[in-house]
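This briefing accompanies a protein model and is intended for reading alongside the sequence and the coordinates. Please keep both in view while going through the points.

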Amino acid sequence: MNRLFGAKSTAPKPTLNSAISNVDTRIESIDVKLAKLNAELTTYQQKLAKMRDGPGKTAIKQKALKVLQQRKLYESQRDQLQQQSWNMEQAGMMQDNLKNTMVTVDAMKTTTKELRKQYGKIDIDKIERLQDEMADLMDMGNDIQESISRSYDVPEDVDEAELDAELEALGEEVELEGGYGEAQGVPGFMLDDANPPQFIDEPPEPGKIKEAAG
């Protein structure tokens, strides 16, 4: 039965990269053949340039035309293979881009899922309440600072006239204390313009002072 209908192939299916590699190998093989044909054509051209017209030159010319025909066929085949390789490379690039896109989409889905899970744990109302409490505490702190730094004014029931009179009385006391201090600091009879003590009846005479001294 297998001989009639054939057995199912178990060989792995070719990948795009392997197909491109096979085509590139065929292109390289054709390039080798084209290089060989170009060398033959160069040889024939050199011979034809040196030969005169005749049967020999005609035979060489026929060989050169045959080689030229083969070269054209190989060049056409190479162009087709190069186009196939380019098409497969484009398909490979599209496949890679699609894979990258799928990876990006999967990553975005995972990130979105994690963000929803994290944001789901956040209570917006609780945050708003915390903000309100913080604002109230800031206001309370400002009120406390204003209360502590408040200056104490003079009571309204104090009469300014009485304060002025008391200040004037204090000034007089200071003047009296100043005069009393001077009197205690320097005896009055030692001052230049001081009068004689009251217990002396008459001021001493200059002549008597000299006799007493002698």
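The points below move from the overall architecture to individual helices, side-chain pairs and the surface.

The model is predicted. Its secondary structure comprises 6 helices and 0 strands, which follow one another along the sequence as α-α-α-α-α-α. Of the 214 residues in the protein, 7% are buried.

**Overall architecture**

- The accessible surface of the protein amounts to about 19,600 Å², and carbon and sulfur atoms account for 55% of that surface.
- When contacts between residues at least 6 apart in sequence are considered, 73% of them join residues at least 24 apart.
- One example of two positions separated in sequence is the pair Lys36 and Val67, which are 31 residues apart along the chain and 9.9 Å apart in space, C-alpha to C-alpha.
- Lys36 belongs to helix α2 and is exposed, with a relative accessible area of 57%; Val67, by contrast, is among the buried residues of α3.

- Helix α3 covers residues 55–120, and helix α2 covers residues 16–50.
- Leaving aside residues up to four places away in sequence, Ser85 touches Ile20, Val23 and Asp24.
- The side chain of Ser85 also makes a polar contact of 3.0 Å with the side chain of Asp24.

**Salt bridges**

- Side chains of opposite charge can pair when their charged atoms come close.
- The search of the whole structure finds 4 salt bridges; those described here include the pairs Arg78 with Asp31, Lys57 with Asp53, and Glu114 with Lys117.
- In the salt bridge between Arg78 and Asp31, the closest N and O atoms are 3.2 Å apart. This pair links distant parts of the chain, since Arg78 lies in helix α3 and Asp31 in helix α2, 47 residues apart.
- Both members of that pair are partly exposed: Arg78 has a relative accessible area of 23%, and Asp31 has one of 31%.
- Lys57 and Asp53 meet through their side chains at 3.1 Å, N to O. Lys57 counts as partly exposed at 21% relative accessibility, whereas Asp53 is exposed, with a relative accessible area of 70%.
- Glu114 and Lys117 form a salt bridge at 4.0 Å, N to O. Because the two residues are 3 apart in helix α3, about one helical turn separates them.
- An α-helix has 3.6 residues a turn, so residues three or four places apart point the same way.
- Glu114 is partly exposed at 37% relative accessibility, and Lys117 is likewise partly exposed, with a relative accessible area of 43%.

**Helix α4 and the nonpolar patch**

- Helix α4 takes in residues 124–148. It has 25 residues and reaches 36 Å from its first C-alpha to its last, close to the 36 Å expected at 1.5 Å a residue.
- The N-terminal end of α4 is capped by Asp123, a side-chain oxygen of which lies 3.2 Å from the backbone nitrogen of Asp125.
- Leu115, Tyr119, Ile122, Ile124 and Ile127 together make a nonpolar surface patch of about 490 Å².
- At least two residues of this patch come from α3, and at least two come from α4.

**Points to locate in the structure**

- Which residues does Ser85 touch, not counting residues up to four places away in sequence? They are Ile20, Val23 and Asp24.
- Which residue caps the N-terminal end of α4? The capping residue is Asp123.

Terms used
Residues numbered from 1 in each chain as written. Predicted model: local features only at pLDDT ≥ 70, side-chain atom pairs only at ≥ 80, totals over all residues. Heavy atoms only, no water. Helix = DSSP H or I, 4+ residues; strand = E, 2+ residues; numbered from the N terminus. Buried < 20%, exposed > 50% of the residue type's maximum accessible area, 1.4 Å probe, protein only. Patch = residues over 30% accessible without salt bridge, like charges linked within 9 Å, V, L, I, M, F, W, Y side chains within 5 Å. Areas by Shrake-Rupley, 256 points an atom, 1.4 Å probe, with all protein chains shown as cover. Contact = heavy atoms within 4.5 Å. Polar contact = N/O pair within 3.5 Å; in protein donor to acceptor, adjacent residues only side chain to side chain. Expected span 1.5 Å × (residues − 1).
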